[in-house]
Amino acid sequence: MERKDLIEEARRYVENAHGIIKNNETYDPDTRSYDDKKYVRLAGHCLWHAVMLALDSVFQVRKDRRTRIDIDAYREAVRKRDRKLLTFLNNSYQVLHLDMGYDGILVKSSCDEGFRITNDIIDRCERLRS
């Protein structure tokens with residue numbers, strides 16, 4: 001897959017994650033949280049994958065996309081090129097991968113922040129690629 005296509009694919013994953021949350025929304029406005037961890041986890045994994053695709057469009061960390069992701073290798077590559085992107089990456093690892101993807105955090109504002117971080121990373125990677 002060409003590098004330009006990876007950014008488009010990452011944006012498609014964000015749309016898929018948005019659809020997962022929206023179509024299966026069990027949101028309680030009184031508590032400002034979701035009721036079902038399953039869909040938050042699915043969306044978190046989808047967003048994390050979008051981040052990895054965006055990073056792959058700029059950095060050649062994985063030679064074969066079928067190999068497991070080594071977050072430290074990504075951190076090292078990003079640190080050498082863009083410190084702000086490193087901050088986004090560290091935040092996305094915590095919010096998307098751990099909080100949403102594994103823990104299934106139900107707080108809507110945390111999930112919204114996950115979407116914002118993902119879009120920020122994709123946009124920044126797109127600019128770095130140019």
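Biologist: Which residues does S92 touch, not counting residues up to four places away in sequence?

Modeller: This is a predicted model, so every value is computed from predicted atoms. In it, S92 touches W48, V51, H97, I117 and I121. Contact here means heavy atoms within 4.5 Å.

Biologist: Why is S92 called buried?

Modeller: Its relative accessible area is 0%. Buried means under 20%, so S92 is buried. S92 has its place in helix α4.

Biologist: What lies 2.8 Å from a polar atom of the side chain of S92?

Modeller: The backbone oxygen of L89 does. The cut-off for a polar contact is 3.5 Å, and 2.8 Å is within it.

Biologist: How many aromatic pairs does the structure hold?

Modeller: Two. One of them is formed by W48 and Y93.

Biologist: What makes W48 and Y93 a pair, and why is the pair called edge-to-face?

Modeller: Take the distance first. The ring centres are 5.6 Å apart, and the limit is 6.5 Å. So the rings pair. Now the angle. There are 70° between the planes. Over 60 degrees counts as edge-to-face, so that is the label.

Biologist: Why does the pair tie together parts that are 45 residues apart in sequence?

Modeller: Because W48 lies in helix α2, residues 37-58, while Y93 lies in helix α4, residues 83-103.

Biologist: Are W48 and Y93 buried, partly exposed or exposed?

Modeller: W48 has a relative accessibility of 7%. That is under 20%, so W48 counts as buried. Y93 has 22%.

Biologist: What else does Y93 touch, besides residues up to four places away in sequence?

Modeller: Its contacts are W48, I71, R75 and L98. The charged end of R75 sits over the ring of Y93.

Biologist: How do you know that the charge of R75 is within reach of the ring of Y93?

Modeller: The charged end is 5.1 Å from the ring centre. The distance limit is 6 Å, so the distance test is passed.

Biologist: Which residues of helix α3 are buried?

Modeller: I71, Y74 and V78 are the buried residues of α3, which covers residues 71-81.

Biologist: Why do you say that they line one face of the helix?

Modeller: Seen down the axis of α3, the buried residues fall within an arc of 60°, so they line one face. An α-helix has 3.6 residues a turn, so residues three or four places apart point the same way. The cover over the buried residues of α3 includes α2 and α4.

Biologist: Why does G101 count as buried?

Modeller: Its relative accessibility is 3%. The cut-off is 20%, so G101 is buried. G101 is in helix α4. Leaving out residues up to four places away, G101 touches R41, G44, H45 and L96.

Biologist: Why is Y13 called partly exposed?

Modeller: Y13 has 21% relative accessibility. Buried would need under 20%, and exposed over 50%, so Y13 is partly exposed. Y13 lies in helix α1, residues 3-23. Beyond its neighbours within four places in sequence, Y13 is in contact with C46, H49, A50 and L53.

Biologist: What makes R32 exposed?

Modeller: Its relative accessibility is 58%. That is over 50%, so R32 counts as exposed. R32 is found in the loop between β1 and β2. Its phi is near 55°, a positive value in a residue other than glycine.

Biologist: Now the whole protein. Which elements does it have?

Modeller: Five helices and two strands. From the N terminus on, they run α-β-β-α-α-α-α.

Biologist: Why is the protein called as compact as a globular protein of its length?

Modeller: Its radius of gyration is 15 Å. The globule rule gives 14 Å for 130 residues. The two values are close, so the description holds. Buried residues make up 40% of the 130 residues.

Notes: Residues numbered from 1 in each chain as written. Predicted model: local features only at pLDDT ≥ 70, side-chain atom pairs only at ≥ 80, totals over all residues. Heavy atoms only, no water. Phe/Tyr/Trp six-rings, centres within 6.5 Å; stacked < 30°, edge-to-face > 60°. Helix = DSSP H or I, 4+ residues; strand = E, 2+ residues; numbered from the N terminus. Buried < 20%, exposed > 50% of the residue type's maximum accessible area, 1.4 Å probe, protein only. Lys NZ or Arg CZ within 6 Å of the ring centre and 35° of its normal. Polar contact = N/O pair within 3.5 Å; in protein donor to acceptor, adjacent residues only side chain to side chain. Arc of directions from axis to C-beta. Rg over C-alpha atoms; globule rule 2.2 N^0.38 Å.
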